[in-house]
Amino acid sequence: MSADFLQFLFSGITVGATYALVGLGFSIIYNASHVINFAQGEFVMLGGMATVFFYGAGLPMPLAMAMAVAMTIFIGMALEKFAVEPAKGASIVTLIIITIGASIFLRGLAEVLWGRNFHSLPPISGSDPINIGGALVLPQSLWVVGGTIVIVITLAWFFNRTMTGKAMVASASNPLAARLVGINLKFILLLSFALSAMLGSIAGILIAPISLAYPGVGIMLGLKGFCAAILGGMGNPMGAVLAGLIVGISEALTAGYISSAYKDAVAFIIILAVLFLRPNGLFSTGGTERV
Amino acid sequence: MLLDVKGLDCHYGRIQAISNIDINVDDGELVALVGANGAGKTTLLKALSGILPASTGTITFNGHDISRVSSDKRVRLGIIQVPEGRQVFAPMTVEDNLVVGGYTRSQTERDETLDQVYEMFPVLKDRRHSAAGTLSGGQQQMLAISRALMARPRLLFLDEPSMGLSPLLVDEVFETVQKLRDGGTTILLVEQNAYMALAIADRGYVLEAGSIVLADSGEKLIANDRVKQAYLGL
Amino acid sequence: MSPLNMPGRNGLLALIATIMVLPLMLPNAFYFDIVILIGLNSIVCIGLNLLIGYAGQISLGHAGFFGIGAYFSAILTSTYGWPATAAMVVGAVVVGLLSFIIARPIMKLQGHYLAMGTLGLGVIITIVLTQESDLTGGPDGMPVPGFSIFGWEPYGETVWYWIIAAVLVATVWLSLNLIASPVGRALRAVHGSEIAAETLGVNVVKYKVLVFVLSAIIASLAGSLFAHYTGFITPDTSGFIHSIQLVTMVVLGGMASTFGAVAGAAILTILPQLLTVFHDYEHLVFGAVLIGTMIFMRRGLVPTLADLFNGRQK
Amino acid sequence: MTLLRVENLSRSFGGIKAIDDLSLTIRPGPIHSIIGPNGAGKTTLFNLISGIYKPGGGRIVLEDADITGHAIWRLAELGLARTFQNLQIFFNMSAIENVMVGMHLKSDSRFITSLFRTPGIVKGDQDKREEAIRLLEFVDLGDYLDADTDSMPYGALKRLEIARALATQPRIIMLDEPAAGLNPAETVAIDGLIQKISENGITVILVEHDMRLVMGVSEHIFVLEGGRMLAEGTVADIRNNPDVVAAYLGESGRDR
Amino acid sequence: MKPGLFRHLTIAAAAITMAVGVSNSDAKAADPIKIGSFLAVTGGASFLGDPEKKTLEMYVNKINADGGVIGRKLELILYDDQGNPANTVPFVKRLINDDKVDILLAGSTTGSTMAAIPFVEKAGIPFISFGGAGVITSPVKKWVFKTPHTDTLAVQKIFTDMKARGISKVGLLSGSGGFDKSCRKQVQTLAPGSGMTVVADETHGKGDTDMTPQITKIKGTAGVQAFMYCGFGAATSIVAKNYKQLGASMPHYQTHGSASKSFIKNAEGGAEGVRLPAAALVVVDALPASHPQKKVAGAYKAMYESKTGDSISSFGGHAYDGLMIAVEAIKRAGSTDKAKVLAEIEKTSNFIGADGIYNLSASDHLGLDEASFVMVEVRNGDWKMLK
């Protein structure tokens, strides 16, 4: 393998990991509520921006990060409580517009709180690149990838091993039966937004030293994350992770070998191709609609 | 009186599905609720479980008015329903289905009940690591009942447990229902399979077009002409 | 049969009356400019409303078609010296073909998958317009020469006002006609229940494709007019945000209401102008307004208000 | 004489056979009913015949023409109409417009004429409207012509679906539980309506749980169980068939 | 006919008239001199727009406090277009049609400026742009001027420096904005004449956050001796950061589009060693006392830094020069008559600004020469002037 290829691969895995986290967030909320949360990218933005500002306000870095995550979780829950829950039963279009409204609102909030400018965040552990097989990797990339791996493993543990996690899986698989075993679906819904907000904000914190933090950073990330979620089969969290990586790596390879100009189009070309061939996503087990 | 329902009305979308229902279930009883398809049986159970809001009327459980209590709180009180069509959590393992069934109970209670359930249905223990969706129809029904038992019901609703099962399995299900009753569980059984249900029930109600039209002991209802008519148009 | 004996006649007459009176109330060219933009947005939204409101299919990529129309007009007239009308027609034909090719696979998608598919399509169009900078001027856009038809070059906001007004009235008229026709009923049936429509003999796929192509062509034509009127276009005209604005106009005004589309376009064109007063709070307020309206007026502004006036005889 | 023939039809969902090697024949004219316990495969059979599901195996033949796998909308052209167990009303349209959609195949559905509302369109719509009024009156919905379907009672909507299906001028109409959710008086009215339809020479295939209705109107009954044909015959045949009695009353299990 | 349609329309009409009805009457003709502006106050190019805005506000206030111009106060009407040309167009129309400004001092980016030009030319309003690229004033447009150095000057300066270091093969990366593209074109045009070869030519998209693939490619190109970046904004920092991250060691050049402290800060050490041409203003403290700009630039720097607390950038200087040229022209014209002001601006000669010394004419709407451009290198997180 050439060093160039490795370089592209690492670059792709780093971005792909972020897409994966955002895609996971989409999946979790979709499972709990069948809502596509277009404000998912804004959680990423809030995580990065809030950390910059808590850090700038003099808090030590770990505390600033924790505060940023906590704040984003709180905002995520507020979003569920005040925008999604009151719209229960609305049509898909209406819900899409509500969550898009929410994303504009959150962007506006960030602008009011912290201004519209770009900010940088120091990397967690220095910026001296590490040489891996001839490719140079920034320590922060390893943080992003490592963080994503930890999160994915933790989530898998949460969904498979804890009572609350199992309750979430159960609610997604059969809401009626879930209610009949005594699961409070409203709580699950709130939890799913909290969890998604947490994932998004962590992704934002990890990526901020690489991509800078600014109010608009969440738009493309949100769309690509949505791509990952759809590609993985809506509501299939591990599919979303895999799809996120696929999208990220394809982008980097396209930029490296074909044309950097059409890098951003890659995700959408893949998604269109896949949807045309498999209208329910790459990793979905197609079901039959009952009349 | 464990469950006492008075004057219950319920709307299902644009249809008034049930009207002015009066029924009651005593501690330890097995009560059957029979009626043709579309008569409102499932709607009634959903109203009793808190899935559908009651338009008017009261539901009293163990002396408390629970008409406005949410479904998850009713489960905590011990009102558990086995839904029509089994509704297992298909992608989850058998054991996880059962564990989630005990969602409202403590860890120790859960472990205890799980052992009891496995003892009662060894086949579930054998297949505890399989996805629930891969079980046969009969096994899924056993799982659905077991899942409900995990919540330690004081009052168990069974909605069409024999639906879509082969005669042999139907027998097995009915034996299980009897076993549960003998074990002291209070049961409200909703069935299309009228004779079988009434044969094992202490008492029965006949539901027609959303209203209770007959209430009597199981044997008497079996002999009733109106019951036959409702089922075969005789 | 009088041509005026048509569904929505009173509404159309009222629209015409409004258009006649409005110039008296507009103090300067800036206000004309806003009203012209309202008109252009309305035209796109009426087409999009056929797709979203009547046929029940969402599209998060219609700005892409608007953008293609705009850029075809811009490039063919400025770089290749074509007459504006020919450029406009070619743009519309290209959009028609493109949307026709893409419609079959895309209209097979349901719900969120359809949202993603159309969104992806729009984003790809924007990226192409952005990257082919030798033709399009890249992200910073390109200037567009004025419109001309048979040697006449409309210039100035008042002239454009009347042009756009005429196109708008025609679009409303055609849209009202279509909705009340067997084709329109078939479209609405597709929205009501695809499966029932199909069993009644409605070729659902054909109608979905038809309305998708129709709305795309309308967007393309409006895009061409926009390009010539405004004189400068950027890839943002085809962007995701613009697509969302268009859908929001339709939903906010009220789905399945031609005049709702007009009202939605008017409000969402004016609102950002009013919100510049809030400067920093602009996005915050805009987002809150969107969420609030969608929660409290789920069916959209015009149908909800109409019900209020009617006292909703249920 | 055969109007519709189902040959060795099969369809399974997730490994469970909903319809299992089923064959049946519908003669032109009489009212046929399909009964059976819940989960017996009745609605699946309807969905297979009307093209909504693609069969896993077997053929469906309409007057010697193999219609297996035909596009759904083409079946309407061939004279096959149906109603739905769960209402599929176009709630975004008035009652009369719902019925007019049923006449789609006979309407001028050209795009250009529609856009410009040519006299032909106007005239066509007037004719269709009159025809729709006639049909609505036929199903006793004369009071609901321009009603918002949103505000119509459930029983009326059931009849509206029937009127809409009739508007396609079918040879066969398949009614999926027309009496479900109706009160006894409404059920009696449906009973009469079904007979009226049949008297007009339309072959009715009925899926219904209300036995009084089924036994009252049917000339031929098919009994399904577990996706297979348990019995078929006249009302008397079915009533006296011990298998059927057992399946319904649930004594089979006890005796075996 | 279905009832309610008429109502639908009445409501629609009401909505339109209500919103439009919140109008104001025509501005009064006399009184303040209206300066219209649209700047990238926020967004990716805010490092341009922010100092420009602060400079304009600061000096408009100062001039007003000193009694105004020709007996009239200045009124600044400023919109934030975020450096996005799509936002610029409506603002330009608003400034021309609704605000009825007398002069435009605006346009942080080349893109916004180019978008505004057709409208300005049609309306006939003097327009001094702060955009960087040469295309703005070449060919000359009747009403349009600009104050910043052009990309042409910058590229020439860079090539001169490269030649002095014995470099002849350049790997080029550029963004896709108006300035970026114009700069790239200058590189391609000027290279042959300067004995340079562009051996790699990569681009990145607007808003990209990772340029490692492109830089990897350039690094791997055979024979490449130096790396050059054409672009501005957040991308400049990312490029510098990525460049260092990839361990590249050949000389790294950027343009005056990076001449801002935020470039150094956001690059987090990546800017170390980067060379670029910048206005003398950036290194004013290092200028010899004899330098003609020392006084003006020094005064501007002192005022800007004390009032805002920010460190100086050359971009604020563009706005300062634009405002001063306009004020002088209006004074000489004695009115805000647009044609007269235009004529006076064209007569500006030997005007010493913060950016350089301007000599405008009907055929030269830039008026800057190369003398005011200096080569700087980032050392220890600050600018260092190169001899």
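**Exercise 1. Cysteines in the predicted model**

Determine whether A:C227 is buried or exposed, and do likewise for C:C45.

*Solution.* Step 1. A:C227 has a relative accessibility of 0%. The structure is a predicted model, and the cut-off for a buried residue is under 20% relative accessible area. A:C227 therefore counts as buried.

Step 2. C:C45 has a relative accessible area of 0%, so this residue is buried as well.

**Exercise 2. The disulfide**

State how many disulfides are found over all chains, and describe where the partners lie.

*Solution.* Step 1. The count over all chains is 1 disulfide. The bond is formed by E:C183 and E:C230, with an S to S distance of 2.0 Å.

Step 2. E:C183 belongs to helix α6 (residues 178-194) of chain E, while E:C230 belongs to strand β8 (residues 226-230) of chain E. The two cysteines are 47 residues apart, and the pair links distant parts of the chain.

Step 3. The torsion about the S-S bond of E:C183 and E:C230 is about -55°, and the disulfide is therefore left-handed.

Step 4. E:C183 is buried at a relative accessible area of 1%; E:C230, at 0%, is also buried.

**Exercise 3. The interface of chain A and chain C**

Describe the contact between chain A and chain C by its residues, its buried area and its polar links.

*Solution.* Step 1. Chain A contributes 49 residues to the contact and chain C contributes 42 residues.

Step 2. About 3900 Å² is buried between chain A and chain C, and carbon and sulfur atoms give 81% of this area. On the side of chain A, the residues that lose the most area to chain C are A:I97, A:Y262 and A:F276, which together make up 15% of what that side buries.

Step 3. The search across this interface of chain A and chain C gives 0 salt bridges, but 5 residue pairs in polar contact.

Step 4. Two or more residues on the side of chain A that touches chain C come from each of α3 (61-84), α4 (92-114), α9 (217-231) and α11 (263-277) of chain A. The largest share, 15 residues, is that of α4(A).

Step 5. By class, the side of chain A that touches chain C comprises 36 nonpolar, 9 polar and 4 charged residues.

**Exercise 4. Salt bridges**

State how many salt bridges the whole structure holds over all chains, and examine the pair B:R128 and B:E95, the pair B:E109 and B:R152 and the pair B:R181 and B:D182.

*Solution.* Step 1. There are 48 salt bridges over all chains.

Step 2. B:R128 and B:E95 form a salt bridge at 3.6 Å, N to O. B:R128 is in the loop between α5 (122-126) and α6 (137-149) of chain B and B:E95 is in helix α3 (residues 94-101) of chain B, so the bridge ties together parts 33 residues apart in sequence. B:R128 is partly exposed at 28%, as is B:E95 at 22%.

Step 3. In the pair B:E109 and B:R152, the closest N and O atoms are 3.7 Å apart. B:E109 lies in helix α4 (residues 107-120) of chain B, and B:R152 lies 43 residues away in the loop between α6 and β7 (155-159) of chain B. B:E109 is partly exposed at 26%, and B:R152 is partly exposed at 29%.

Step 4. B:R181 and B:D182 meet at 3.4 Å, N to O. B:R181 is buried at 17% relative accessibility, whereas B:D182 is exposed at 61%.

Step 5. In chain A, a network of salt bridges links A:K224, A:E251, A:K263 and A:D264.

Notes:
Residues numbered from 1 in each chain as written. Chains lettered and ligands numbered in written order. Predicted model: local features only at pLDDT ≥ 70, side-chain atom pairs only at ≥ 80, totals over all residues. Heavy atoms only, no water. Disulfide = S-S within 2.5 Å. Helix = DSSP H or I, 4+ residues; strand = E, 2+ residues; numbered from the N terminus. Buried < 20%, exposed > 50% of the residue type's maximum accessible area, 1.4 Å probe, protein only. Contact = heavy atoms within 4.5 Å. Buried area = accessible area lost by both parts, 1.4 Å probe. Salt bridge = Lys/Arg side-chain N within 4 Å of Asp/Glu carboxyl O. Polar contact = N/O pair within 3.5 Å; in protein donor to acceptor, adjacent residues only side chain to side chain. Nonpolar A, V, L, I, M, F, W, Y, C, P; charged D, E, K, R; others polar.
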